[in-house]
Amino acid sequence: MAAPVNIIVGSHVWVEHPELAWVDGEVFKISAEEVHVHTTNGQTVFPKDTEAPPGGVDDMTKLSYLHEPGVLHNLAARYELNEIYTYTGNILIAINPFQRLPHLYDTHMMEQYKGAQFGELSPHVFAIADVAYRAMINEGKSNSILVSGESGAGKTETTKMLMRYLAYLGGRSGVEGRTVEQQVLESNPVLEAFGNAKTVRNNNSSRFGKFVELQFDKNGRISGAAVRTYLLERSRVCQISDPERNYHCFYLLCAAPPEVREKFKLGDPKSFHYLNQSNCYALDGVDDTEEYLATRRAMDIVGISEEEQDAIFRVVAAILHLGNIEFAKGEEADSSVIKDEKSRCDAKSLEDALINRVMVTPEEVITRTLDPVAAVGSRDALAKTVYSRLFDWLVDKINSSIGQDPNSRTIIGVLDIYGFESFKLNSFEQFCINFTNEKLQQHFNQHVFKMEQEEYTKEEINWSYIEFVDNQDVLDLIEKKPGGIIALLDEACMFPKSTHETFAQKLYQTFKSNKRFIKPKLSRTSFTISHYAGEVTYLADLFLDKNKDYVVAEHQVLLTASKCPFVSGLFPPLPEESSKSSKFSSIGSRFKLQLQSLMETLNSTEPHYIRCVKPNNALRPAIFENANIIQQLRCGGVLEAIRISCAGYPTRRTFYEFLHRFGVLAPDVLDGNYDDKVACEKILDKMGLKGYQIGKTKVFLRAGQMAELDARRAEVLGNAARIIQRQIRTYIARKEFIALRKAAIVLQSYWRGILACKLYEQLRREAAALKIQKNFHSYTARTSYLTARSSAIQLQTGLRAMVARNEFRFRKQTKAAIIIEAYLRRHIACSYYKSLKKAAVITQCGWRRRVARRELRNLKMAARETGALKEAKDKLEKHVEELTWRLQFEKQLRTNLEEEKAQEIAKLQDALQAMQLQVEEANFRILKEQEAARKAIEEAPPIVKETPVIVHDTEKIESLTAEVDSLKVCTLNWVIIIVKLPFDLQV
Ligand SMILES: Nc1ncnc2c1ncn2[C@@H]1O[C@H](COP(=O)(O)OP(=O)(O)OP(=O)(O)O)[C@@H](O)[C@H]1O
């Protein structure tokens, strides 16, 4: 490959790669015109800045090597660190982070950016908004911020942030009710509900362009606002492809609370033809019911009344029901039930409007019935017309409700518009979008380059080497009247017989020699336009249909006659002559006019640019391997701006300003009597700068030269400041030194006196301390000795007592043991003695028994020998027994007698007396009986035998006599006892 300048062996370079965009490598050989690079594949080579900061630079113009890979690498390095914003001069590049970064947009951030110098803080949308606001306030000029980028790049999000920040700067805090800025912010959700849809590239893709104009009063407060919208994608209402969705409002309404669905006879979105062409009904992380309620709240805030909201959703529901009408072949169009209450129009009129067409010829009026395919087209056209009118009504309503400020002198406009589009198949929408971008690019060119060139021309400096691609020729190709593509398209639309083929042929013929128009070789209906951002091939097939904007007369009649005042309000009756003269209106030319008006507005403002970029792959490291980014930067004019900025003279100053600022660099030049221009030239030459230009009134500097001059100026000023500082410091220091020295001497003498006093005092204290120490030591030593001694004595006492107690205990135990032993021995001896005694007794008994037995045997033998002995023995035994009994009886008696002594004595005395009386009586009777007996003997015959009675009486007398004797003895004994008793008792 060819070697670019400033590349040598060992250089680190970027090499173009067909898929990865750029890969880095190292040059290892340069021969003739060839550079050999490791990892080379024969593509373009750019030098790599090995000293570039790893985190990237916040402004691309600060890069040492400004080329595509350098730019891309810088963006990638920053994106890696979540730095999604980067400047390119005054243009802000915003890369979609695909993740919420709340810290970037909180109130704290807003506070930081408020009034901060541009470039002082990291690049940010707030910085751009702040610059616009400050410029407006300071210069009293209107400003605009143009946000562009491809679908999903983050335009809408960026616009929201801008609006929030501008509302923060220009809002009225503490105002009651709905403020303008609140209404402006809340208009977003309303417009998004009706103008946004899920597409393949973005779940919340805005299907229209938008220009919000914030009007400010003289105090810089927001006093009014206007929203302008561009080119709503109408075809989406009737036609969607998987996995896209129709406009959000349809799904929100189908998910509305049951009473609302009931009112509009709605149900599952799958049951509607306009929604079920795609299988996507829900969005991840979005609750349509919630969104419905939020949209209604936002509608409240922007001032849409309850009735109007109802009417709006009634129209939305009607469009859904309209889509379900089907047509069959036949004379009569077959329709499913026409739910007339939805649009409040007559079912028959609806049917007529959908399938009948009236043609007025000079001769007659012909009514023609459409075939089913055409009827479907008619139905869809009706739906699209109603929807786009509804959308326009919403925008108008928002504008009238927010209100315009006729006294406002300045505005800040924010443009959120689709970026350049180039797909495989490009249709009318892409044509319009790219036309818009050509317009904006021209505006960009005019602003950045043309202004630059005009300035250079005015100043009569040489600018010939700055080239830029002027796209006026492309714009002519598209919009020139007559003869441009739009004009030809309108023409073709007005010719009933035109087809897309005739239209394409017309284009080929008209533009066959146009540099910007190319006819693809194999196609009959497509054409290619060489746009500033690249070539785009359009398919002309649907251009005619899509360009037609008129409302079919039958539809107009139907809708004007609607019983719903809202619907009839959307379609006011056309003035007689306009309906007659032309029922044609073209989207292309309407859009052209809108763009012209937008451009006029933009041209009257100071523009600021934000380019949103969408990494193809949200994975961070992939960004660098993303050729599409380069394309987006190219389309956004970023690369061109960088190139021009480097090639041109970005810095310029009037001679006066220059001399005022940089005169210090060459005081001799200032002192010399030179013309301003010459003086400037001399200063620049003295500084050794090259490539600058001197105009008629200004000095033009190349990129970086201003910084260099500033650095030199800072150096000179710094040196001068240092000299002055040195002198002043010397003077001050000397003065301070003398005063200090004087003060030091006084202080020293005073301090020395104090020190001597202190020393004496210290010595005295030391001596005293020694004495105290000595006494204290002796005292402590004695105290500790006494304590030790008393402790020893106590210990000894304790030990001795312990020993004595032990000895005493031992002796006591010994004594007890002896006693126990003695008792034990005595017990043993006693036991032994008793056992001996017992044994002796037993032995004696045994012996005696043996002896007695022997004696008994002898006695028995003797007794047996004599019966008398035996009788005697019996007698003796009886006697012994009687004696024994008598003894016991006597004992008993004696005992009883002892107890009853006194009574017994008396008793016995009584008994004695009685017995004496008896004795006397007995004696008397004996005498009597003896007397009687003698008398009887004397009287009885002489032979009479003795009778036994007498014997008896005799015996009785004898016994009585014996008894009397014994009683006498007994009485005597008792007398003796009684006489003796007092004496015994005394004893
Ligand atoms: N600054 C940001 N912070 C966080 N997420 C963002 C940011 N910018 C964009 N996004 C994400 O990217 C998505 C697409 O962004 P946005 O809708 O703004 O794109 P757009 O350029 O307006 O697309 P379209 O042209 O299709 O409307 C957003 O829904 C959001 O998820």
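Two residues are taken to be in contact if their C-beta atoms, placed from the backbone, lie within 7 Å. On this basis, in the predicted model described here, Ile 486, Leu 489 and Asp 490 of helix H15 meet Gly 588, Ser 589 and Lys 592 of helix H21. The two helices, H15 spanning residues 485–494 and H21 spanning residues 587–603, have axes that come within 8 Å and cross at roughly 145°. By class, the residues that form the contact of H15 with H21 comprise 2 nonpolar, 2 polar and 2 charged.

Helix H15 also packs against helix H16 (residues 500–510), at an angle of about 145° and with the axes 10 Å apart. The crossing of H15 and H16 is right-handed, and the contact is built from Ile 485, Leu 488, Leu 489 and Ala 492 on the side of H15, together with Thr 502, Phe 503, Lys 506, Leu 507 and Thr 510 on the side of H16. The residues of this contact between H15 and H16 divide into 6 nonpolar, 2 polar and 1 charged.

Ser 349, Leu 350, Asp 352 and Ala 353 of H11 make the contact with Glu 554, His 555, Val 557 and Leu 558 of H18, and by class the contact of H11 with H18 holds 4 nonpolar, 2 polar and 2 charged residues.

Turning to the sheets, 3 strands form an open sheet in the order E15-E16-E17, in which the pairing is antiparallel. Strand E15 (517–518) and strand E17 (534–539) stand at the edges, each with a single partner strand, so that one side of each is left without a neighbour in the sheet. Strand E16 (residues 526–531) pairs with E17 in the antiparallel sense over 6 bridges, and Thr 528 has Thr 537 in E17 as its bridge partner.

Another open sheet of 3 strands has the order E19-E21-E20, again with antiparallel pairing. Its edge strands are E19 (651–654) and E20 (693–694), each of which pairs on one side only. Strand E20 is joined by 2 bridges to strand E21 (residues 698–701), the two running antiparallel, and Ile 694 stands opposite Val 699 in E21. Helix H24 (residues 655–662) lies across E19 and E21 and runs at about 95° to E19.

The ligand, finally, is surrounded by 19 residues, of which the closest are Ser 151, Gly 154, Thr 156, Glu 157 and Ser 205. The elements that give two or more residues to the shell around the ligand are helix H4 (155–170) and strand E9 (205–206), and the largest share, 3 residues, comes from H4. In terms of residue class, the shell around the ligand divides into 6 nonpolar, 10 polar and 3 charged residues.

Terms used. Residues numbered from 1 in each chain as written. Predicted model: local features only at pLDDT ≥ 70, side-chain atom pairs only at ≥ 80, totals over all residues. Near = placed C-beta within 6 Å. Helix = DSSP H or I, 4+ residues; strand = E, 2+ residues; numbered from the N terminus. Nonpolar A, V, L, I, M, F, W, Y, C, P; charged D, E, K, R; others polar. Pairing = 2+ DSSP bridges. Axes fitted to C-alpha atoms, helices over the stretch in contact; angles between N-to-C directions. Left-handed = near helix turned anticlockwise from the far one by under 90°.
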